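The sequence and structure come first, followed by notes grouped by topic.

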Amino acid sequence: MDKIVVKGGHSLKGEVTVSGAKNAALPILASALLADGKSVYRNVPDLADVTTMLKVLGTMGCGTGRLTGERTDVCEVSVEGPIHPEAPYDLVKTMRASVLVLGPLVARFGRARVSMPGGCAIGARPIDQHLKGLKALGADIHLTEGYVEATAKRLKGGTVNFDVITVTGTENVMMAAVLAQGRSVLENCAREPEVEELARVLNKMGARIQGAGTSVITIDGVDGLNPVEHAILPDRIEAGTLMVAAAITGGDVLVRRVVPEHLEPIILKLRETGCTLTTEEGGIRVKAPSVIHSVDVKTAEHPGFPTDMQAQLMGLMTVADGTSVISERIFENRFMHVPELHRMGADITIQGHTAVVKGVRALSGAPVMATDLRASASLVLAGLRAEGKTEVQRIYHLDRGYERLERKLRDLGADISRVKA
Ligand code: EPZ
């Protein structure tokens, strides 16, 4: 297994361009199932999770591919021949977001057989709300042998009130509703920018969705949709990760191709730490202070501080000038980066869903183990700051959500490389 080796102590300087958003690309690729023909997507990040989603679509009979040569950011999904509406366990277990094919399959083909995703490192991550929403639109749902079997002659518009705010749950049910008969009203929806982006794509395909990005989404079902061409929005979590890289190394970095309003909670929190953040030419410039101030963080659904940035911010707080209290309020087990940060000399105490981080003068490089996507990023960030060499192992976790992160950091002056196992 590959590892990343980083030698700390270099301030990052220069410009870096953010890739397309993983958590927008995944539902948008699944939405191609809703229309016959070829959909073309640009600014699709070259990530393991995207490759998995293309594989899931391919096993169903879709034509899928990523262009080579100049435009490797372009992916195509063609729905031409017969579709086998099944997402097998061996693929779904590697990427739970495969469950996003459920809504489109039931809406378009009247049936779906999708493996239950099971839990993952950061939590149980049930999909009860996805199923509740599909049932409310008239789908028959059966759970057999670890699979969800969903059928419906034609889905009918209905009202769904989510008991829990769920990003992919909102996305799955929205994709089911676009072809249902009549009006659907989804309440207590996720408001993430990626939900809004999916609705933008569905409306370009001919859907009639209003309110995406707010907690109430109204969908008037249509009889059919058309394939689409679309450029995926930039990844706000990658942008935030790169901004923290500038902060933790005492750097000065222009993070290009961002949507500032999507970064609001991250920008405000980094300003609290003493960073100077300014908008310029389609990017955000981050200038680190000489001393990072400790700040408290509570993760929340958008527009709160994103749980996907919790580990990265904790990395920064390990070298801040005071004590920071970080509460993880979305997932039940998202502190697995803590024992690894301890190995680097961090002073962190976990009390239930809260971590108390006391800033230390310096971290020391060490061999550490990635456990999940954002934890891996946190360890790389800590390595950029630590004295000496840090080796981050099992970086297949990192490759799920970051496109050539080590190259982007090296171009900013980091001493970092990927070592093939
Ligand atoms: C999406 O996951 C993201 N993934 C996650 O990003 C992100 O951390 C998460 O939203 C929260 O922002 C994609 O978009 C592909 P949820 P999702 O459903 O939709 C509970 C990353 O690092 N819940 O919003 O799976 C659930 O257990 C990944 O890029 C139910 O109880 O998350 C959790 O506690 C990690 N029942 C909370 O809701 C359900 O049916 C939020 O989960 C669904 C969710």
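**Domains and ligand site**

Between the two domains, 24 residues of domain 1 make contact with 20 residues of domain 2. The model is predicted. Its domain assignment gives domain 1 as residues 2-19 + 234-420 and domain 2 as residues 22-231. Both domains contribute to the shell around the ligand, with at least three residues drawn from each.

**Domain layout**

- Taken over C-alpha atoms, the centres of domain 1 and domain 2 are separated by 30 Å.
- An unreviewed UniProt entry carries the annotation "domain: Enolpyruvate transferase", which covers residues 7-409.

**Composition of the ligand shell**

- There are 21 residues around the ligand, and those that come nearest are Q129, T166, T168, D308 and I330.
- By class, the shell around the ligand holds nine nonpolar, six polar and six charged residues.
- Four helices each supply at least two residues of this shell: helix 1 (22-31), helix 5 (128-136), helix 6 (167-177) and helix 12 (373-385).
- Helix 5 gives the most to the shell, namely three residues.

**Polar side-chain atoms at the ligand**

- In the side chain of T168, which is also one of the residues that come nearest to the ligand, an N or O atom is 2.6 Å from an oxygen atom of the ligand.
- For R374, the distance between an N or O atom of the side chain and an oxygen atom of the ligand is 2.8 Å.
- For K22, a polar side-chain atom lies 2.9 Å from an oxygen atom of the ligand.
- On its own the ligand has 830 Å² of accessible area, of which the protein covers 88%.

**Backbone details**

- The peptide bond from H302 to P303 is cis, and its omega is near 10 degrees.
- P303 is found in the loop between strand 18 (297-298) and helix 10 (310-317).
- N43 is not a glycine, yet its phi is positive, at about 60 degrees.
- The loop that holds N43 runs between strand 3 (37-42) and helix 2 (48-60).

Methods
Residues are numbered from 1 along each chain as its sequence is written. This is a predicted model: local features need pLDDT of at least 70, side-chain atom pairs count only at pLDDT 80 or more; totals for chains, interfaces and linings use all residues. Side-chain values use heavy atoms; hydrogens and water are left out. A residue is near a molecule or strand if one of its heavy atoms lies within 4 Å of it. A polar contact is a pair of N or O atoms within 3.5 Å; within protein, one must be able to donate a hydrogen and the other to accept it, and residues adjacent in sequence count only if both atoms are side-chain atoms. Accessible areas come from the Shrake-Rupley method with a 1.4 Å probe; for residues, only the protein chains shown count as cover. Ala, Val, Leu, Ile, Met, Phe, Trp, Tyr, Cys and Pro count as nonpolar, Asp, Glu, Lys and Arg as charged, and the others, Gly among them, as polar. Domain bounds come from an automatic or database domain assignment. UniProt positions are given in the numbering used here, feature names are shortened, and annotations may be inferred rather than shown by experiment. Contact means heavy atoms within 4.5 Å.
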